[in-house]
Amino acid sequence: MEFNIALLRGDGIGPEIVDSAVAVLEKTAAKFGHKFSFTPYLIGGCAIDETGIPLPQETIDGCLASDSVLLGAVGGPKWDDQPGSNRPEKALLGIRSALGLFTNLRPAKLYPALRAASPLKDEIVGKGFDIMIVRELTGGIYFGDRGYREGKYGQEAFDTEAYSVTEIERIGRVAFDTAMKRSKRVCSIDKANVLESSRLWRKTMHSLAEEYPEVEYSDMFVDNAAMQLVRDPKQFDVIVTSNMFGDILSDEASQITGSIGMLASASLGETSRGMYEPIHGSAPDIAGQNKANPIATILSGAMMLRYSFGLSAEADAIENAVDKVLEAGCRTADLMGSTEGNPLTCTEMTEKIAEVL
Ligand code: IPM
Ligand code: MG
């Protein structure tokens, strides 16, 4: 089969890790007899440098014309002085919204080979955990009304959290459908003891749950959820939550797996076109040094094959290759303790994975 993939390398370690994923995708295409074409577009700080804005129209058009999008990371200290409306991060929100990607799937599972990298004790981890965070991605406080106004103490800045029944239902359905293919448990996370938008969220999730009698449904307040994730992560299967709570909880979930350098994500909408990216950022401190862990981006490529192209055997092959190199003891710097020997570089790790494919 033939697919066109838009590449948004972005900033910092973005270019290195995207190139790694491309190498692994090329190898997969050759092995299974497919043809993937890659077209790069600018996004984030590099786009500001070239065009003055973080999300040029050409990038949006190129992504819309592609079968799927692979993104590295955006942002860095160089662009910290940009006004809020022209920051590299704004491009990420803009492209998610332009492509209608309201669902963000963030799997967080513990690799047995990386057990030692998890900060959790053995009795907490037990036989491991495998959580799927379903994060709403185009609504909530990230996209609500914002600005400045006169407040009780003078001028104040504000952002607004707002959710409609339609938005809650469509992300809820994704979560329940996902759970039906897994161990049939959904936990919805909100702050319904305080926020009106959370009360509507909870009420809507409850009526949806009635349509899925086979799914064991529960809800939890977000502060408790943050605590439960480190107290007993095994209790979770599918977590569904708002844009901002999902942002925060997915970073927490990544750290208990051992390294944020391992976690992939898929952003999906109504069509098969998705955007795939590691959940970590642009890591400007190690950019250009060939030190970054490419696995999260390589696994994002595997998610693209599975969710956008329906190539699950090919996705399995990439995921198995990652498992194998980890089991063989291959580690990038982020996966090693300070006393262990020499870490692999980004390109060495990529070659190892491509080799066992
Ligand atoms: C993420 C990131 C982004 C987000 C930032 C960079 C805008 O933290 O993808 O988790 O908050 O969504
Ligand atoms: Mg985040």
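User: What volume does the largest pocket have, and which residues are closest to its centre?

Analyst: In this predicted model, the largest pocket holds about 720 Å³ of space. Its lining has 27 residues, and those closest to the centre are L105, M132, M303, R306 and Y307.

User: What makes a residue part of that lining?

Analyst: A lining residue has an atom within 4 Å of a point of the pocket. Five elements each supply at least two such residues: β4 (103–109), β5 (130–136), α6 (165–180), β11 (264–268) and α10 (295–307). The largest share comes from β4, with five residues.

User: Which classes do the lining residues fall into, and which domains do they come from?

Analyst: The lining of the largest pocket has 14 nonpolar, five polar and eight charged residues. At least three residues come from each of domain 1 (1–104 + 265–357) and domain 2 (119–256).

User: Why is the second largest pocket said to lie between domains?

Analyst: Domain 1 (1–104 + 265–357) and domain 2 (119–256) both give residues to its lining, so the second largest pocket lies between them. Its volume is about 370 Å³. Of the 18 residues that line this pocket, L92, R96, R106, D247 and I279 lie nearest its centre.

User: Which elements line the second largest pocket?

Analyst: α4 (88–98), α9 (243–256) and β12 (275–278) each supply at least two residues. The largest share, four residues, is from α4. By class, the lining of the second largest pocket has eight nonpolar, three polar and seven charged residues.

User: What is the order of the strands in the open sheet?

Analyst: The ten strands are ordered β2-β1-β3-β12-β11-β4-β5-β10-β8-β9, and the pairing is mixed.

User: Why are β2 and β9 placed at the edges?

Analyst: β2 (35–40) and β9 (216–221) each have a single partner strand, so one side of each has no neighbour in the sheet. On average, neighbouring strands of this sheet are turned by 25° against each other, with direction ignored.

User: How do you know that β5 and β10 pair?

Analyst: Two strands pair if there are at least two bridges between them. Four bridges join β5 to β10 (residues 238–241), so the pair meets that cut-off. These two strands run parallel. V134 has V240 in β10 as its bridge partner.

User: Which helices lie across strands, and at what angles?

Analyst: Helix α8 (residues 222–231) lies across β5, β8 (185–190) and β9, at about 105° to β9. Helix α10 lies across β1 (2–10), β2, β3 (68–73), β4, β5, β11 and β12, and runs at about 35° to β11.

User: Why is one space called a cavity and not a pocket?

Analyst: In a cavity a 1.4 Å probe fits but cannot get out, whereas a pocket is an open set. The count comes to one cavity of 30 Å³ or more. The largest cavity holds about 50 Å³ of space, and its lining is E161, Y163, I189, D190, L195, S197, S198, W201, S242 and F245. β8 and α7 (196–211) are the elements that give two or more residues to this lining.

User: Which element gives the largest share of the cavity lining, and how do the residues divide by class?

Analyst: The largest share, three residues, comes from α7. The lining of the largest cavity has five nonpolar, three polar and two charged residues.

Terms used:
Residues numbered from 1 in each chain as written. Chains lettered and ligands numbered in written order. Predicted model: local features only at pLDDT ≥ 70, side-chain atom pairs only at ≥ 80, totals over all residues. Heavy atoms only, no water. 1 Å grid on protein atoms, 1.4 Å probe; cavity = no way out; pocket = protein on both sides within 12 Å on 5 of 7 lines; lining within 4 Å. Points joined across faces, edges and corners; volume = space filled by probe spheres on them. Nonpolar A, V, L, I, M, F, W, Y, C, P; charged D, E, K, R; others polar. Domains from an automatic or database assignment. Axes fitted to C-alpha atoms, helices over the stretch in contact; angles between N-to-C directions. Contact = heavy atoms within 4.5 Å.
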